[in-house]
Amino acid sequence: MDRQREPAISLALYHLFKWSVVSPMLHTYFRGRIYGADHVPPTGPLIVVANHASDFDPPIVSNCVRRPVSYMAKEELFNVPGLGRAIRLYGAYPVKRGSADRSAIRAALAQLSNGWAVGVFLEGTRTADARIHHPKLGAAMIAAKVQAPLLPVSLWGTQAIIAKGSKLPRPVPVTVRIGEPIAPPKSGDRAELEAITQQCVDMIHAMHDLGR
């Protein structure tokens, strides 16, 4: 039987990191604004889909949806003493560099069965303008397999956090908008996966166009 919540220790660590680091930084340094947090199902399998422009995006998304979000991370990080166990407790799961999408999908399905919300950046990588130009179908495929809703999230302003040539974050304004959940595809038919994926992209772009 699938779990409805993340492991207790992971939930505790999430709240510790959120309230001691991420939330204070988001609300003070980045003057963060959050809209639509009431749209997030508090328990049960969920696929969080978003645009992606900064390494700061994963903790910001997890903070704003009020529940831990599990993201894939490169396998090498899990071999670093201490770090591997820490990021696993925070919900990261390993994926081999260059491995087939099916490997990542299997890992995401395992996280969902353990009560996690799984985060997927639809572009698959960061984009300079924070738009989604070439969306991947993985999130819709996972949603179809477990019949879990997709939650669209728009990140506005994060592309400006790190200026070119700098390593320090700038105090730029950040706005996060969370849309209403989108029902999963009824099947794994490619046309349906593409349609649901495009629906997610359109909603994220519409929220992003609202700006600050």
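Strands E7 and E8 run antiparallel and are joined by 4 bridges; two strands are said to pair if DSSP finds at least two bridges between them. Strands (E, at least two residues) and helices (H or I, at least four) are DSSP runs, numbered from the N terminus. Within this pairing, Ser-154 stands opposite Arg-177 in E8. The model is a predicted one, in which local features need pLDDT of at least 70 and side-chain atom pairs count only at pLDDT 80 or more, whereas totals for chains, interfaces and linings use all residues. Residues are numbered from 1 along each chain as its sequence is written, and side-chain values use heavy atoms, with hydrogens and water left out.

Strand E7 is largely enclosed by the rest of the structure, because 6 of its 7 residues are buried. Here buried means under 20% relative accessible area, exposed means over 50%, and partly exposed lies in between (1.4 Å probe, protein chains only). E7 (residues 150–156) also pairs with strand E2 (residues 46–50), in the parallel sense and over 4 bridges. In that pairing, Ile-47 has Leu-150 of E7 as its bridge partner. Helix H6 (residues 190–208) packs on the sheet and touches E2, E7 and strand E8 (175–178). The direction of H6 makes about 35° with that of E7; axes are lines fitted to C-alpha atoms, for helices over the stretch in contact, and angles run from 0 to 180 degrees between N-to-C directions.

The sheet as a whole is open and has 6 strands, in the order E1-E8-E7-E2-E6-E3, with mixed pairing. Strands E1 (33–35) and E3 (69–70) stand at the edges; each has a single partner strand, so one side of each is left without a neighbour in the sheet.

Helix H2 (residues 57–64) is mostly covered, with 6 of its 8 residues buried. These buried residues are Asp-57, Ile-60, Val-61, Ser-62, Asn-63 and Cys-64. Asn-63 counts as buried because its relative accessibility is 4%. Apart from neighbours within four places in sequence, Asn-63 is in contact (heavy atoms within 4.5 Å) with Tyr-14, Lys-18, Val-22, Ser-23, Leu-26 and Ile-34. Just after H2, Arg-66 takes a positive phi of about 65°.

Positive phi values also occur in two loops. Arg-31, in the loop between H1 and E1, has a phi near 50°, a positive value in a residue other than glycine. Arg-31 counts as partly exposed because its relative accessibility is 41%. Ala-130 lies in the loop between strand E6 (117–121) and helix H5 (138–146), and its phi is near 65°, again positive in a residue other than glycine. Ala-130 is buried, with a relative accessible area of 1%.

On the surface, Phe-17, Val-21 and Tyr-90 form a nonpolar patch with about 240 Å² of accessible area together. Accessible areas come from the Shrake-Rupley method with a 1.4 Å probe; for residues, only the protein chains shown count as cover. Phe-17 is in helix H1 (residues 8–29) and, at 36% relative accessibility, counts as partly exposed.

Technical notes. Patch = residues over 30% accessible without salt bridge, like charges linked within 9 Å, V, L, I, M, F, W, Y side chains within 5 Å. Salt bridge = Lys/Arg side-chain N within 4 Å of Asp/Glu carboxyl O.
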